[in-house]
Amino acid sequence: MKKEDTFARYSRQIFIEEIGIEGQRKILNAKVLVVGAGGLGSPVIQYLAGAGVGTLGVADFDEVELHNLNRQVIHREGSVGKSKVESAEKFVKKLNHQVKFIGIDKKIDHSNAVEIISQFDIIVDGSDNFTTRYLINDICSDLQKPLVYGNILGFEGQIAVFNCNGSRNLRDIFPEPPSEDHIPDCDSLGVLGPLPGMVGSMMAGQVLKIIADLPLQLNQMTLIDMLNWQFFTVDF
């Protein structure tokens, strides 16, 4: 793509005074890892690829299932039964061929988390279980990597930025994961499709703000109640 085409592609971001050419250059040079290509990961992947994040890693070990399609918007009916990472790569390449896509078709666990996470500047947690969330949080804390966190269920969502410019992390607000006997999940309780779209878009926005050195609301979690259309913030 010619230089002038690159400018045209990202012009509506460059025209924002707080971003400009220098901010867009930072976005083009950024390396972001999205853990999970599901409900939250889908809009994050979509908007980061659209924004021109230079290197986009996606880690997921799951396959696309039919019930994913109400909310996991980067996947298609033809992707059912196929790797989510493979499906995500096809989506990204069709949207923005300039993005370098790194597919990690495996589960992040204690054996590989440090090696994988250390390759990226910013980590996005779109995982769907507390074991992975706490592992990612702890590794990011050890490696001093900014972590954008999101969580969804039913009509409710959470979003926060952890471990950024010396800010606190997940264990500072929730020191330990809940007991497995008290863990709600989307498989049993469901989630309304647009909710992860809302939360994931907000997460992508936080990633771009980190990259462009824009103001962040640190040590603060935003709680979203989509049913009653209420937004709350909790300091920690």
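Q: Where does arginine 133 sit?
A: Arginine 133 lies in helix H7, residues 130-143. Helices (H or I, at least four residues) and strands (E, at least two) are DSSP runs, numbered from the N terminus. This is a predicted model: local features need pLDDT of at least 70, side-chain atom pairs count only at pLDDT 80 or more, and totals for chains, interfaces and linings use all residues. Residues are numbered from 1 along each chain as its sequence is written, and side-chain values use heavy atoms, with hydrogens and water left out.

Q: Which side chain of opposite charge is nearest to arginine 133?
A: Start with the terms. Lys and Arg count as positive, Asp and Glu as negative; His and the chain ends are not counted. A salt bridge needs a side-chain nitrogen of Lys or Arg within 4 Å of a carboxyl oxygen of Asp or Glu. Buried means under 20% relative accessible area, exposed over 50%, partly exposed in between (1.4 Å probe, protein chains only). Arginine 133 is buried and has no salt bridge; the nearest side chain of opposite charge is aspartate 125, 4.6 Å away.

Q: What does arginine 133 contact?
A: Contact means heavy atoms within 4.5 Å. Leaving aside neighbours within four places in sequence, arginine 133 is in contact with Asp125, Ser127, Asp128, Tyr149, Asn151 and Leu170. The side chains of arginine 133 and asparagine 151 make one at 2.9 Å.

Q: Is aspartate 225 buried or exposed?
A: Aspartate 225 is buried, again with no salt bridge. Its nearest side chain of opposite charge is arginine 133, 17 Å away. Aspartate 225 belongs to strand E7, residues 220-225. Its side chain makes a polar contact with that of asparagine 228 at 2.9 Å. Not counting residues up to four places away in sequence, aspartate 225 touches Phe155, Gln230 and Phe232.

Q: How many salt bridges are there?
A: The count is five. One of the pairs is arginine 25 with glutamate 22, closest N and O atoms 3.0 Å apart. Both lie in helix H3, three residues apart, about one turn of the helix. Arginine 25 is partly exposed at 42% relative accessibility, and glutamate 22 is partly exposed at 45%. Lysine 90 pairs with glutamate 86 at 3.6 Å. These two lie in helix H5 (residues 84-95), four residues apart.

Q: Which residues of helix H3 are buried?
A: In H3 (residues 20-29) they are Gly20, Gly23, Gln24 and Ile27. They cover an arc of only 100° around the axis, so they lie on the same side of H3. The arc is that of the directions from the helix axis to the C-beta atoms. Their cover includes helix H2 (11-14), helix H4 (41-51) and helix H10 (194-211).

Q: How many disulfides are there?
A: A disulfide is a covalent bond between the sulfur atoms of two cysteines. The cut-off is a pair of cysteine sulfur atoms within 2.5 Å. The count here is zero. Cysteine 140 is in no disulfide; its nearest cysteine sulfur, that of cysteine 164, is 11 Å away. Cysteine 140 is buried at 0% relative accessibility, and cysteine 164 is buried at 3%.

Key: A polar contact is a pair of N or O atoms within 3.5 Å; within protein, one must be able to donate a hydrogen and the other to accept it, and residues adjacent in sequence count only if both atoms are side-chain atoms.
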